[in-house]
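Colleague: I have a structure to go through and would like your reading of it. Could you take me through it step by step?

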Amino acid sequence: MSAQPDSLQSVFNRAFAGLSQGREAFTPQLTPREVGTITSVSTGIARVSGLPSVGFEELIKFPGNVFGIAFNVDEDEIGVVLLGEYWHLHAGDEVERTGRVMDVAVGDGLLGRVIDPLGRPLDGRGPVTARERLPIERPAAPIMDRAPVTVPLQTGLKVIDALIPIGRGQRELILGDRQTGKTAIAIDTILNQRGKDVLCVYCAIGQRASSIAKAVAIFQEKDAMDYTVVVVTEGNDPPGLAYIAPYAATSIAEHFMERGSDVLIVYDDLTHHARAYRELSLLLRRPPGREAFPGDIFYIHSRLLERATRLRKELGGGSLTALPIIETEAQNISAYIPTNLISITDGQIYLSPSLFQLGVLPAVDVGKSVSRVGGKAQRAAYRAVAGDLKLAYSQFEELETFARFGARLDENTRKIIEHGRRIRACLKQPEFAPVSVPEQITVLLALTADLFDSVPLDKMTDAEQAVRHTAADIPAAVSARLDTADKLSDEDRKAIIEIARQALAPFQPKPEAKPDEPDQKTEKKPKSESKIRNKPHSQSDKSAPEAESEAQPTNKAQPESEADSKSDTEKGEHHADPN
């Protein structure tokens with residue numbers, strides 16, 4: 001018992017000795033610290049004076065742990081964009097420099113998390129663990145560090161993968177009016193990346209909280225959060241957060257790309273981003289331009305989207321594919337912001353409100369949509385069928401307008417229209433249900449082989465599902481070649497078409513039982529028409545539709561109706577001869 005106080009005393013002695021040594025070794029140093037004052041606070045911005053050495057886009061710290069970015073560096077004062085709640089800030093409050101630019105946490109710890117552009121968690125799962133931070137504004141990769149786009153990014157949507165293909169490293173714009181399914185296409189694409197070694201970043205800019213919650217719930221339900229990072233700014237957040245959101249999300253995606261991964265990033269949507277930047281610029285008294293946007297509105301989007309690319313193998317071979325979304329007004333794709341984005345990106349997917357109202361979902365207007373890069377990356381199996389399919393669909397869309405007037409159509413035109421209706425029915429797809437590559441190839445090959453043409457339109461959905469289910473019966477060797485750059489051989493094509501033909505056999509219309517004698521009577525019917533031809537011209541005109549309606553069920557009625565019209569023209573010439 002007596003030894004215990006002695007040991008405790010020795011512990012204290014050693015501790016105090018260490019403290020005294022540390023105190024003697026410490027030499028205080030004075031570090032200069034620039035402190036300024038707030039001169040005024042407005043909606044989302046503040047004006048600060050007294051920071052003579054501040055740099056452009058430097059981070060400035062305000063009371064209450066609120067940060068801001070130095071946007072306007074004038075001679076007398078600084079215009080600062082605030083990145084948080086500013087209701088407690090007042091004129092005269094002290095601010096200080098941080099000596100660094102705005103950065104964001106990056107790394108695997110962000111996968112499956114919902115964060116704001118500052119890296120703060122919004123999902124209630126505790127702090128975000130990250131060992132590295134990157135600036136939100138980074139220069140794009142030099143040209144010599146880039147590689148051509150050669151690998152496809154499968155969206156799981158038949159109309160896009162077949163007719164408007166997207167490659168890894170491409171920038172494909174999605175634009176259309178409100179409520180036409182733009183976000184649904186982006187979410188479908190993210191859901192389809194499961195098991196394909198593609199990481200995803202979904203950046204919601206100024207969206208409603210209910211819409212963001214719905215998207216996150218879909219990701220969680222489909223197990224897509226395992227490979228997805230969600231960066232969120234809500235509609236009631238300060239405009240400064242909406243402005244930096246896409247840049248922060250791109251830095252998070254670039255970290256994965258530089259590590260050698262393939263990354264998909266969705267900006268939903270850049271219309272809100274442009275409006276937030278316009279609001280900040282007008283509040284900071286920057287001169288307005290067209291539609292009150294500042295003069296550098298093109299530059300803020302071009303420097304953002306130029307960061308999407310595919311790197312060379314020597315640099316890891318990673319890629320960053322960007323899907324920016326833009327909202328149009330009254331189908332005006334030639335407005336200021338849409339034309340800016342169209343000129344920056346490598347193609348666009350246009351969603352038509354008229355197709356949406358007709359129930360054609362996804363409502364992709366193939367005529368106004370284009371992919372300038374993805375065709376090089378498209379699988380050979382798709383290229384074998386996509387050209388004929390796009391031509392047939394374009395012909396159908398042109399002829400469909402004439403068919404609405406009730407005009408008489410020849411047999412070839414009628415076949416084109418019926419084939420086009422089957423194409424449109426096959427390209428329809430429910431929401432959040434991506435289709436695999438073998439299933440898409442089987443359906444598309446069946447379309448190009450005209451196997452669906454005899455299927456009634458009301459049975460097309462069931463027929464297409466049957467063809468998709470039989471894709472599992474494709475031989476393993478053939479199915480493996482569909483995912484490579486190898487061309488589809490004639491034997492492979494015949495094997496797939498035969499599988500699809502067997503699947504469609506139950507949906508073919510049953511031939512009607514026609515006795516021989518009634519058929520002979522209907523074929524002898526046109527003899528009565530010869531008697532009608534001898535009657536006056538007005539009577540023949542009156543009875544011609546009746547004769548056509550009687551002769552319509554038979555296949556031989558078409559030549560006879562042509563002969564009928566020929567005799568009418570001869571009679572017209574005969575009436576004109578006496579004069």
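Predicted model: local features only at pLDDT ≥ 70, side-chain atom pairs only at ≥ 80, totals over all residues.

Colleague: How many helices and strands does the chain have?

Modeller: The chain has 20 helices and 16 strands. Of its 579 residues, 47% count as buried.

Colleague: What share of the contacts in the chain comes from residues 24 or more positions apart?

Modeller: Among contacts with a separation of 6 or more, such residues account for 74%.

Colleague: Let us turn to the strands. In what order do the eight strands of the open sheet run?

Modeller: The order is β8-β12-β11-β13-β14-β10-β15-β16, with mixed pairing. At the edges are β8 (114–115) and β16 (370–371), each of which pairs on one side only.

Colleague: How many bridges join β11 to β13?

Modeller: Seven bridges join them, and the two strands run parallel. Val201 has Ile265 in β13 as its bridge partner.

Colleague: What about β7; which of its residues are buried?

Modeller: Strand β7 covers residues 103–106, and both of its faces are covered. Asp103 and Ala105 are buried on one side, and Val104 and Val106 are buried on the other. β7 pairs with β9 in the antiparallel sense over four bridges, and Ala105 stands opposite Arg133 of β9.

Colleague: Which residues is Ile244 in contact with, leaving aside its neighbours within four places in sequence?

Modeller: Ile244 is in contact with Ile69, Leu83, Met102, Pro117, Leu118 and Ile136. As a general point, nonpolar side chains tend to be buried together in soluble globular proteins.

Colleague: Why is α7 described as largely enclosed by the rest of the structure?

Modeller: Seven of the nine residues of α7 are buried, so the helix is largely enclosed. The buried residues are Ile297, Ile300, His301, Ser302, Arg303, Leu304 and Leu305. They pack against α5, β13 (262–268), α6 (270–283), β14 and α8 (336–344).

Colleague: On to charges. How many salt bridges does a search of the whole structure find?

Modeller: The search finds 31 salt bridges. One of them joins Arg312 to Asp145, with the closest N and O atoms 3.9 Å apart. That pair links distant parts of the chain, 167 residues apart: Arg312 is in the loop between α7 (297–305) and β14 (319–327), and Asp145 is in the loop between β9 (132–135) and α2 (158–163).

Colleague: Are those two buried or partly exposed?

Modeller: Arg312 counts as partly exposed because its relative accessibility is 29%. Asp145 likewise counts as partly exposed, at 23%.

Colleague: How far apart are the closest N and O atoms of Glu464 and Lys158?

Modeller: They are 2.2 Å apart, in a salt bridge. Glu464 lies in helix α14 (residues 460–469) and Lys158 in helix α2, and the two are 306 residues apart. Both Glu464 and Lys158 are buried.

Colleague: And where do Glu400 and Arg424 lie?

Modeller: Their side chains meet in a salt bridge of 3.2 Å, N to O. Glu400 is in helix α11 (residues 380–403) and Arg424 in helix α12 (residues 411–427), so the pair ties together parts that are 24 residues apart in sequence. Glu400 is buried, with a relative accessible area of 14%, and Arg424 is buried at 12%.

Colleague: Which residues are linked in a network of salt bridges?

Modeller: Arg138, Glu254, Glu258 and Arg307 are linked in such a network.

Colleague: Finally, the surface. Which residues form a nonpolar patch there?

Modeller: Leu8, Phe12, Phe16 and Leu19 form the patch, with about 450 Å² of accessible area together. Leu19 is in helix α1 (residues 3–25).

Colleague: Why does Leu19 count as exposed?

Modeller: Leu19 counts as exposed because its relative accessibility is 59%, and the cut-off for exposed is over 50%.

How values were computed. Residues numbered from 1 in each chain as written. Heavy atoms only, no water. Patch = residues over 30% accessible without salt bridge, like charges linked within 9 Å, V, L, I, M, F, W, Y side chains within 5 Å. Areas by Shrake-Rupley, 256 points an atom, 1.4 Å probe, with all protein chains shown as cover. Salt bridge = Lys/Arg side-chain N within 4 Å of Asp/Glu carboxyl O. Buried < 20%, exposed > 50% of the residue type's maximum accessible area, 1.4 Å probe, protein only. Contact = heavy atoms within 4.5 Å. Pairing = 2+ DSSP bridges.
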